[in-house]
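I opened the notebook to record what I looked up in this structure. The entries follow the order in which I checked things.

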Amino acid sequence: MVRRNDQRRAALVDAAIEVLAREGARGLTFRAVDAEAAVPTGTTSNYFASRDDVLTQAGARVYERLQPDDAMIARRQAAGRDREAYAVLMRELVGRVAGFRTGYLALLELRLEATRRPELRKVLTERVRADVDANVAHHEASGLPGDAMAVKLLMLTLNWLIVEQLTLPDVFSEAEREQLVTAAVERIVAER
């Protein structure tokens with residue numbers, strides 16, 4: 001019988017994200033999640049039917065935690081509508097996502113696992129597709145320059161910059177990262 005205390009379940013999934021980021025998918029065990037969450041041994045197995053269930057829940061949770069807060073949304077809506085304002089927003093986005101280091105590293109582990117686990121692949125594919133669609137829709141409603149293709153190209157470009165920042169942080173300095181984001185916006189996004 002799987003338990004339904006939603007707060008405990010969320011804490012266990014958050015602990016699983018931390019384990020994934022630190023130990024990789026092979027290190028993700030019920031016992032490791034129990035230890036990370038500082039709960040009695042066996043707690044995770046009371047909340048999740050299988051390791052695959054934990055992986056799938058972690059995949060969905062990372063995206064929940066990466067969603068912008070109300071303050072960021074308000075800044076986006078109040079920002080200018082030119083490429084310079086767009087670059088500021090993208091630099092802020094890269095900083096925010098890179099700031100959730102363990103979540104993004106866990107997501108990379110989950111993406112690798114998704115190549116071997118159809119259910120996880122399905123969850124991540126749906127989540128990423130929804131994220132792409134939401135970003136395109138938000139962009140189109142925002143009045144910012146560029147089109148749907150520019151949004152998708154920026155997502156791909158900036159995702160790899162974030163991977164570089166999190167896995168090999170000394171390749172680019174913070175100043176170089178800022179310049180790269182600005183250059184990506186200037187070169188990919190056409191003025192309206």
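**Entry 1: overall make-up.** I counted the elements and found ten helices and zero strands in the protein. I noted that this is a predicted model. Read from the N terminus, the order of elements is α-α-α-α-α-α-α-α-α-α. I also looked up the extent: the C-alpha atoms fill a box of roughly 55 × 35 × 30 Å along the principal axes.

**Entry 2: helix 1 and helix 2.** I asked at what angle the axes of helix 1 and helix 2 cross. Helix 2 covers residues 30-37, and the two axes cross at roughly 110°, coming within 8 Å. An angle of 65 to 115 degrees counts as roughly perpendicular, so helix 1 is roughly perpendicular to helix 2. From helix 1, the contact uses Leu12, Ala15, Ala16, Glu18, Val19 and Arg22. From helix 2, it uses Ala32, Val33, Glu36 and Ala37. I sorted the residues of this contact by class and got seven nonpolar, no polar and three charged.

**Entry 3: helix 1 and helix 7.** Next I checked helix 1, residues 6-23, against helix 7. Their axes lie 8 Å apart, and the packing angle is about 75°. Helix 1 and helix 7 are therefore roughly perpendicular to each other. On the helix 1 side I listed Ile17, Glu18, Leu20 and Ala21. They meet Thr102, Gly103, Leu105, Ala106, Glu109 and Leu110 in helix 7. By class, this contact of helix 1 with helix 7 has six nonpolar, two polar and two charged residues.

**Entry 4: salt bridges.** Side chains of opposite charge can pair when their charged atoms come close. I wanted to know how many salt bridges the structure holds. The total is twelve. Asp14 sits in helix 1 and Arg61 in helix 4, 47 residues apart, and the pair links distant parts of the chain.

**Entry 5: the largest pocket.** Rolling a probe the size of a water molecule over the atoms shows where empty space is left. The largest pocket has a volume of about 980 Å³. Its lining is made of 36 residues, and Leu93, Asp131, Asn135, Met155 and Asn159 lie nearest the centre of the pocket. I then asked which helix gives the most to the lining of the largest pocket. That is helix 9, with ten residues. The helices that each supply at least two lining residues include helix 4 (51-66), helix 5 (70-78), helix 6 (83-99) and helix 8 (118-142). Sorted by class, the lining of the largest pocket has 25 nonpolar, five polar and six charged residues.

Key
Residues numbered from 1 in each chain as written. Predicted model: local features only at pLDDT ≥ 70, side-chain atom pairs only at ≥ 80, totals over all residues. Heavy atoms only, no water. 1 Å grid on protein atoms, 1.4 Å probe; cavity = no way out; pocket = protein on both sides within 12 Å on 5 of 7 lines; lining within 4 Å. Points joined across faces, edges and corners; volume = space filled by probe spheres on them. Helix = DSSP H or I, 4+ residues; strand = E, 2+ residues; numbered from the N terminus. Nonpolar A, V, L, I, M, F, W, Y, C, P; charged D, E, K, R; others polar. Axes fitted to C-alpha atoms, helices over the stretch in contact; angles between N-to-C directions. Parallel < 35°, antiparallel > 145°, perpendicular 65-115°, else oblique. Contact = heavy atoms within 4.5 Å. Salt bridge = Lys/Arg side-chain N within 4 Å of Asp/Glu carboxyl O.
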